[in-house]
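Subject: Model handover

Hi,

Here's the structure I promised to pass along.

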Amino acid sequence: MTEPVRYGIIGAGVIANAMTKAFKETPDSVALAVADVNREAAQKLADAVGVTQIYDDYHEMLADPEIDAIYIATPPFLHKPMTIDALRAGKHVCCEKPFVLTRQEVVDVIEFNKTAPHLKVISCSSRYQNSGTARKARAMIEGGELGEVYRVHFEHVTEGYRIGTLFPEWRNDPAKNGGGISFDWGPYDLDWLSFVLGDRFKPRVVFGTMGNYFPLSDKRIPPCLDVDGRLAAEIICDNGLTIHWERRAAEHGPARHNVEIRGSKSGLDLTFLSMGEKRKLHHYSFEGAEELKETILPDDEPEWDKTLTYSIHELTAAIKEDREPSSRLEHYLYIQGIFDALMESARTQQSVRIPE
Ligand SMILES: NC(=O)c1ccc[n+]([C@@H]2O[C@H](COP(=O)([O-])OP(=O)(O)OC[C@H]3O[C@@H](n4cnc5c(N)ncnc54)[C@H](O)[C@@H]3O)[C@@H](O)[C@H]2O)c1
C-alpha cells in the first residue's frame, strides 16, 4: 500500500488532543474525520488535526469508505463495542489503553476478528515498547548479559494523581474505567514487563492487593473515591523468576520510579517512564568479592512524542507492509489474563493461577 493510512478518530478528549502529532508527523498516517458525542470537543480536535468531517454518532463515521482505520480514544468501557463495530465496518483499529476491561472482552474481540482476519488491531498499552531504555534492557536480557534473570522489583508512585486532582466522572466509576490506578497504569506496566523480559516473562501465579489509603468518602482525592489508588502484587513465573509490582498514587510522599532487574551475572536499574536523571540504564556487577561496578549506559531515548504516538505508527506500518503489528491480540489476551488474576487475588486474598 503506497497511499497514506486514513484514520477516523472516536473521542476528542485529553489524549486525542495530545495525539494530534500522530496524524501530522509523517505523510503515512493522516486523519480524515472525528466523531464525538460532544460536538464542541469534536470541532476543536478537527481543527487541531485539520479535518472538516465531524460526526456526533461514530457509526456514521464508520460507514465512510474512505476511512481505513479507527483510533479509539474514549473511556475504557466503550473500547470493546467500538473495536468490534470498527472491525464490522471493515476498519483496522488502534485503541487507547486499557484495551478492554476483562479477558473475556479480549476473547470476544479475537472471535470477531476471525470473521475478518486481515484487519489489524493494536492497543496503545504497547506505546512504552518504544522506550530506548526498555529496548536496550530487552536486548541485554535476550543476549544473556544478565545471565538468568531471577528477580524484578517494579515500583512506581505516580505523580499525576496528586491529592485534589479533578478527573472526569468516568475515571471514578469502576463500571466505566474498570478500576483506578490499576486500570490506568497496569496495562502499561504488564506490557512493558512482558516486552523487556521477553521469554523470561512467564507469569503463572499472582498474589495481589489493591485499595485506597484514604476513606472512600474523602472527595478531595478523586482517584480514591470508588476505585483503587494502589496495587501491590507478587508474580511468580514458571521459571522461578519473581516479580514484585507496585503502583501507588495520591500519597503524601514524592513520586518514585524504579525498576530493578537482577540476574545471575549482573543487574540493571532503570525506569519505566524514562525521564530526567533516571533516563539511563544503570548496569551493576560484582568484580571479585567486594567491589560493585556500576556502568551507566548511554541514553538513546526517542523523543517523548514518538513514544506517545508509537501505536498509531506501528499500526500504519503493519497495514502498509501487510504484516502483523508488533503486539497481537493474543498478547493482550495474556496480559489481561494476568490482570484478571490480580483482580481476583485482591478480591479473595488468595493467590490465583494465571491462564496459559
Ligand atoms: N488523559 C490521559 O492522559 C490519557 C493518557 C493515555 C491514555 N488515555 C486513555 O485514553 C482514553 C480516553 O481518555 P481521555 O483522558 O482522553 O478521556 P476524556 O474524558 O478526556 O475524553 C473522552 C472523550 O470521549 C468522548 N465520548 C464519550 N462517549 C462517546 C461516544 N459514545 N461516542 C463518541 N465519543 C464519546 C467524550 O465526549 C470525550 O470527549 C481512556 O481509555 C484513557 O485511559 C488517557
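Below is what turned up, starting with the ligand.

Two bits of housekeeping: this is a predicted model, where local features need pLDDT of at least 70, side-chain atom pairs count only at pLDDT 80 or more, and totals for chains, interfaces and linings use all residues. Numbering runs from 1 along each chain as its sequence is written.

The ligand has 21 residues around it, and the closest are Gly11, Gly13, Val14, Ile15 and Glu96. ("Near" here is a C-beta atom, placed from the backbone, within 6 Å of the molecule or strand.) By class, that shell has 14 nonpolar, 4 polar and 3 charged residues; Ala, Val, Leu, Ile, Met, Phe, Trp, Tyr, Cys and Pro count as nonpolar, Asp, Glu, Lys and Arg as charged, and the others, Gly among them, as polar. Helix H1 (residues 14–18) gives the most to the shell, with 3 residues. Helices (H or I, at least four residues) and strands (E, at least two) are DSSP runs, numbered from the N terminus.

On to the domains, whose bounds come from an automatic or database assignment: domain 1 is 5–124 + 314–324 and domain 2 is 128–306 + 336–353. Across the boundary, 11 residues of domain 1 are in contact with 12 residues of domain 2, contact being C-beta atoms, placed from the backbone, within 7 Å.

The largest nonpolar core has 93 residues, and Tyr7, Ile9, Val93, Cys94, Ala137 and Ile338 have the most contacts inside it. A core is a set of buried Ala, Val, Leu, Ile, Met, Phe, Trp, Tyr and Cys residues joined through C-beta atoms within 7 Å. Buried takes 20 or more other C-beta atoms within 10 Å of a residue's own, exposed 12 or fewer, and partly exposed is in between, with C-beta atoms placed from the backbone. Helix H11 (residues 329–348) supplies the largest share of this core, 10 residues.

Strand E4 (residues 69–72) pairs in the parallel sense with E1 (residues 5–10) over 4 bridges, and also with E5 (residues 92–95), again parallel over 4 bridges. Pairing needs at least two DSSP bridges. From E4, Ala69 and Tyr71 point one way and Ile70 and Ile72 the other, and all are buried.

A cis peptide bond joins Lys97 and Pro98, with omega about -15°. Asp322 has a positive phi, near 50°, and Gln349 has one near 60°.

Cheers

Methods: Contact = placed C-beta atoms within 7 Å.
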